[in-house]
Amino acid sequence: MHTKESNLKLVVAGLLLGILMSAMDNTIVASAMGTIVSDLGGLDKIVWVTSAYMVMVMAGTPIFGKLSDMYGRKRFFIFGLIVFLIGSALCGTAASITQLSIYRAIQGVGGGALMPIAFTIVFDIFPPQKRGKLTGLFGAVFGISSVIGPLLGAYITDFVGWNWIFYINVPIGIVSFFLIMTSYKESVSHAKQRIDWGGAFTLVAGIICLMFALELGGNQYAWDSATILGLFAGFAVFLIAFIFIEQNAAEPVISFNMFRGRLFATSSLLGLFYGSAFIVATVYIPIYVQGVYGGSATNSGLILMPMMIGTVIGSQAGGLLTTKTSFRNIMLLSAVCFVAGIFSLSTLTPDTSRLLLNAFMALTGFGVGFSFSVLSMSSIHHFDMRQRGSATSTSTFLRSLGMTLGITIFGIIQRNSFTSELSTAFGDGGQASSFGDPRSALTPEARAQIPAPVLEKITNSLSTSIAHTFMWAIVPAVLAVVFVLLMPKDRLAIQPKESQPAPASGQR
């Protein structure tokens, strides 16, 4: 499948840069969000800056995974890089939150190709005994990107301008493009197969209907309004059509047969639950730090560091442990730490010390870190080269679905809780509104203009709403524990010879 002419070190470097760029994108934006909102306005549409990107990543992931199985990995990884760079360049020119959200969606199309294909290439070109170390390294990049992202995003936002948090992707992407183009030699022996356009269309349409319904419901429109009910009905219709098409398609975008394997099914669903709970921490901890503790975006970027260092350690440990014990045992340790971390974050108050917050973050990051390396291996464990792209992308799709639903549903919970807390603190909210948007307290300049008694009520309300949101995030974290217990006791199959990068094997 792959010739020996591939320079493996340079290929891995190119893949790591692609993942770094794509993974860094959400965290680099999160740390600058307060400044972006104060510059562009549109607080009511803030969630779409993140969710527009995630929706397109989620919709594109299974499609590109299937295409890479059919026509080869290289061309679609390169395509993803180019689209991602175009989207990044456009994001830097955005003049409104709406424009930024649209350009983020373009970025998301590219991101949907980068993540799953990079992991699949690693499985194609390395034997099982080397995959643990490599996937641990790839998983650690998620953590490293999340450390670099907030710091870089905060520094650029404070000293250059938020537009440059998007332009920074361009040189990284160009280097990745050059390395993959020149070093990765792929001899494509895939059969030409029919693309399931019906499945692809109904999947994207259904996701968009669901996201708009969840975001607009209870905000711009009442939950029982014709618009919201119509969007939910559209989601249901497209979902039913998608399931019907997939069951009858010769080459479905998502093969439901894969879920007959218990290891794949549990691993993929674990990704969904981990994604939905962890995204709450990456989005709302910077807002908590900037809004409750005060300070510039740099402070909120720095505060995420303990969580991301924990993620790197957890990811590396997970990758190395796959050669020692079963996937189930590793994920049990991961899930217990993750639940403990999310629960500790639900106890946040304005009086929580930074040291204690750092400890909560590190524990959460350590717990989730295992999932990045271990689940990427366990979900692909029983599939051969012709199915790996689809298996990886389906698993990645479910993690992205979890993140997208998480940011939308928990965004609604936080927004409603914050509004309720403000109403309780200010009566009818009149006193708060006289000082403008309460979340303008995210910038140091605005905080200086708000009288201390009013600012205290706003920060108390913000803190309570975020803690309340973490309390709800415990639900998917606990469900993750349940699905870990349902995993079979499979472990990585080590081959005696390292010469052949053959697919992992094993019986259910």
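1. A quick word on terms before we start: helices (H or I, at least four residues) and strands (E, at least two) are DSSP runs, numbered from the N terminus. By that definition, Arg262 lies in helix α10, which covers residues 262-293.

2. Please keep in mind that this is a predicted model, where local features need a pLDDT of at least 70 and side-chain atom pairs count only at pLDDT 80 or more, while totals for chains, interfaces and linings use all residues. Residues are numbered from 1 along each chain as its sequence is written, and side-chain values use heavy atoms, with hydrogens and water left out.

3. On confidence, pLDDT is the predictor's own score for each residue, from 0 to 100. The chain averages 81, and 87% of the residues score at least 70. Helix α13 (residues 327-345) has the highest mean, at 94, and helix α16 (residues 430-433) the lowest, at 51. Over residues 496-508 the pLDDT is below 50, and beyond near neighbours in sequence this stretch has 37 contacts in the model; a contact means heavy atoms within 4.5 Å.

4. Now the overall fold. The chain has 18 helices and zero strands. Of the contacts with a separation of 6 or more, 85% join residues 24 or more positions apart. Buried residues make up 60% of the 508 residues, where buried means under 20% relative accessible area, exposed over 50%, and partly exposed in between (1.4 Å probe, protein chains only).

5. What does the surface look like in numbers? The chain exposes about 19200 Å², with carbon and sulfur atoms supplying 67% of it; accessible areas come from the Shrake-Rupley method with a 1.4 Å probe, and for residues only the protein chains shown count as cover.

6. One nonpolar patch of about 330 Å² is made by Ile82, Ile86, Phe177 and Met181. Patch residues have over 30% relative accessible area and no salt bridge, with nonpolar side chains (Val, Leu, Ile, Met, Phe, Trp, Tyr) joined within 5 Å and like charges within 9 Å; a salt bridge is a side-chain nitrogen of Lys or Arg within 4 Å of a carboxyl oxygen of Asp or Glu. Helices α3 (73-91) and α7 (169-183) each supply at least two residues of the patch. Ile86, placed in α3, is partly exposed at 45% relative accessible area.

7. Helix α12 (residues 305-321) has 17 residues and reaches 24 Å from first to last C-alpha, close to the 24 Å expected at 1.5 Å a residue; that expected span is 1.5 Å times one less than the number of residues. Its buried residues include Pro306, Met307, Gly310, Gly314 and Gly318.

8. Which residues does Gly389 contact, leaving aside neighbours within four places in sequence? They are Gly65, Ser68, Asp69, Arg73 and Thr120. Gly389 sits in helix α15 (residues 385-426) and is buried, at 1% relative accessible area.

9. Ile121 belongs to helix α4 (residues 97-125) and is buried, with a relative accessible area of 0%. The C-alpha atoms of Ile121 and Met385 are 9.8 Å apart, across 264 residues of sequence.

10. Two last sites to look at. Ser463, in helix α18 (residues 452-485), is buried at 1% and touches Tyr288, Val292, Leu348, Thr349 and Pro350, not counting residues up to four places away in sequence. Arg262, by contrast, counts as partly exposed at 44% relative accessibility, and its C-alpha is 8.2 Å from that of Leu486, 224 residues away along the chain.
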